[in-house]
Amino acid sequence: MGKALPFLMFQDGKAEEAMNYYISIIDDSEIISIARYGANEAGDEGSVMQASFSIKGQEFMCIDSNVKHQFTFTPSFSIFVTCDSEEEIDTLYQKLIDGGQALMPIGDYGFSQKFGWLNDRFGVSWQLNLPL
């Protein structure tokens, strides 16, 4: 049996921009592969047909959808990142919230030293945690 991976479907050609942003702000992250649509294929030429990237060792797949859907990302699925320091959680939160929206502003909610939940500018939901 193959592996199970989280899969992110971006609209408006944002997949590559999102991947590049994530790997630029999160240590131990990289783009693994990108396959692009060519001329006369089902998607916009040069857009992401299928890509994989990793964040802190967790692999993800993503695409640029060439079909407009009536749905997008939902906070009920989020990327949970355990941070190693207060500096890391503060930096990630500030970078991810830029152009996004706070769902639970970064703070002390009692179950960790510091926690924040947000939607980034691409609509992807993130939970950032600094354990007790």
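Is Asp90 buried, partly exposed or exposed, and what is its relative accessibility? Asp90 counts as partly exposed, because its relative accessibility is 26%. Here buried means under 20% relative accessible area, exposed over 50%, and partly exposed in between (1.4 Å probe, protein chains only).

This is a predicted model: local features need pLDDT of at least 70, side-chain atom pairs count only at pLDDT 80 or more, and totals for chains, interfaces and linings use all residues. Residues are numbered from 1 along each chain as its sequence is written, and side-chain values use heavy atoms, leaving out hydrogens and water.

Asp90 forms a salt bridge with Lys114, the closest N and O atoms being 2.7 Å apart. A salt bridge is a side-chain nitrogen of Lys or Arg within 4 Å of a carboxyl oxygen of Asp or Glu. The pair links helix H2 (residues 86–97) to strand S7 (residues 114–119). Helices (H or I, at least four residues) and strands (E, at least two) are DSSP runs, numbered from the N terminus. Lys114 is buried, at 16% relative accessibility. Glu86 joins Asp90 and Lys114 in a network of salt bridges.

Lys3 and Glu59 meet in another salt bridge (2.9 Å, N to O). Lys3 precedes strand S1 (7–10) and Glu59 lies in strand S4, so the pair ties together parts 56 residues apart in sequence. Lys3 is exposed, at 63%.

Now to strand S3. Of its 8 residues (48–55), 6 are buried, so S3 is largely enclosed by the rest of the structure. S3 pairs with S2 (residues 29–36) in the antiparallel sense over 7 bridges; pairing requires at least two DSSP bridges. Ala51 is the bridge partner of Ile34.
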